[in-house]
Amino acid sequence: MVAPDRFSTGESNLDLHSKDQSQHPACRPEAVIWPVDRVEVSEILKYANKNLIPVTGWGAGTSLEGNPIPVKAGIVLDFSQMNKILDIKEEDFQTDVEPGVIYQDLNEKLRHKGLFFPPDPGAQATIGGMIANNASGTRTVHYGSTKDYVLRLSVVLANGEIIETGTRASKTSSGYDLIHLFVGSEGTLGIMVEATLRLVGLPAEFSAAIVTFPSVEAAGKAVYEIIRSGLDPAALELLAPDCIKLINQEQDLGLNVSPTLFMEYHGPTKNQLAEVLEMVQEICKGEGSGEFRSGLGRTERDHLFKARHELAEMIIRNHPDCSLMVIDVAVPITAYPEIIAFVIEESEKIGIPGYIFGHAGDGNLHLVFMGKTGDEREWKVIDQANQHIVSKALDMGGTATGEHGVGIGKRKFMDAEHGKSLEWMKRIKDLFDPNGILNPGKIFPCK
Ligand SMILES: Cc1cc2nc3c(=O)[nH]c(=O)nc-3n(C[C@H](O)[C@H](O)[C@H](O)COP(=O)(O)OP(=O)(O)OC[C@H]3O[C@@H](n4cnc5c(N)ncnc54)[C@H](O)[C@@H]3O)c2cc1C
């Protein structure tokens, strides 16, 4: 079905597609295929479905919950050769892309046209992987997550049938919303082969600020007050002192080692942004802020947000014998200060270094633990902390996974989070994939 140079059972290729960036154990597929078009994907799925062979989509393998690990082996479809930007409809603020396009490459192309695709997860992720995980990023607080940008999808179903869903209209109320069924489905309902994405104009002006606080809780309270005031930040990121220390060490930014908020505002004029930042400063003062540096120029802003984006990679680099677990809860914004206090307490209790940061404006908090690889005792303790924090977030009306998806790691919380709806999710899975060949063992346990 495919040219021999796009099919591999070679050990190194199987290894490269056996593991994402999480602590979940590696599992090799039996073969890796690099498809080049939808017809090939359809033929492969027809064959796999008939022969009950598992098929797992692969973008860049940067997931953090084991989402693309082929736990039942079978075939991995690597989309790196389906990486074309097919069309940019500048006047309609849309682009048609193949799933293997890396979102930074897309934004580089769009920049020259005064447009951009806002969701920005920290890693070099593909559009297919972002849609499958419904990824978010630092700008989600203002611009939304990947689900808000998908207008049309072409999907190959488990039986090889190719369907198109969605329209080019910016709104519709026509029928069931299949697009948002596929978004966040982690490749368990179908394989995406093309997407039409909504785009946004680059802001005329932007302004960034950095603010320090006496405690992480005080920073969390300021986040709540900023959101409540309707001042609409374009990014609002929280970083605990350990994260700042690491950033200083790696990138020599000379930041104050304190609980810190990085924020950014977008708007039509510099004057309007200056007024907004004055109000933000007042709010922060009310929570006891220390340093408030605003009006940062583009270079300084780029350095700050580059450091923020690279934070997870810095943590990994600084703990060479460890594996990483990212706890990724999101709660209603009123509960943000409380979940922060809880996470700090849990982290201190277990005595294993934990890095606290998050897309604070979305009520999304990360706690990264670096556990010694293979140390069962340590991982048991980390697992318990994860269990406690997620249960607390669920009790607060939050979610077990703000942006990393369910994969393998969050399966055990699905029942507590979804109750009876989980049964309906399973029925949907059975309807689309009756033989259970699509990314088995993700979202739900293997049958
Ligand atoms: C350092 C670091 C920072 C990160 N920061 C963030 C962040 O801020 N926000 C965030 O949301 N995430 C973040 N992530 C997680 C990760 O980057 C995202 O989940 C991303 O969307 C994964 O994209 P990918 O291309 O690597 O997909 P993969 O990991 O390869 O796959 C993800 C899922 O998509 C499925 N898939 C891939 N292609 C297709 C297709 N064509 N059709 C159907 N299914 C498919 C896979 O089977 C898998 O289930 C971070 C990861 C790292 C390592």
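I started at the ligand: a backbone N or O atom of Ala60 lies 3.0 Å from one of its oxygen atoms. I count a polar contact as a pair of N or O atoms within 3.5 Å; within protein, one must be able to donate a hydrogen and the other to accept it, and residues adjacent in sequence count only if both atoms are side-chain atoms.

The model is predicted, local features need pLDDT of at least 70, side-chain atom pairs count only at pLDDT 80 or more, and totals for chains, interfaces and linings use all residues. Numbering runs from 1 along each chain as its sequence is written, and side-chain values use heavy atoms, with hydrogens and water left out.

Next I looked up Ser63. A polar side-chain atom of Ser63 sits 2.6 Å from a ligand oxygen atom. For Glu186, a backbone N or O atom is 3.1 Å from an oxygen atom of the ligand.

I then checked burial. The ligand alone exposes 990 Å², and the protein buries 97% of that (Shrake-Rupley, 1.4 Å probe).

I listed the shell. It holds 37 residues, the closest being Gly57, Gly59, Thr62, Ser63 and Thr126 (a heavy atom within 4 Å of the ligand). Helix 4 gives the largest share, five residues (helices are DSSP runs of H or I, at least four residues; strands are E, at least two; both are numbered from the N terminus).

Last, I turned to Asp96 in strand 6, residues 94–97. Asp96 is buried, at 7% relative accessible area (buried means under 20%, with a 1.4 Å probe and protein chains only).

Definitions and conventions:
Buried means under 20% relative accessible area, exposed over 50%, partly exposed in between (1.4 Å probe, protein chains only).
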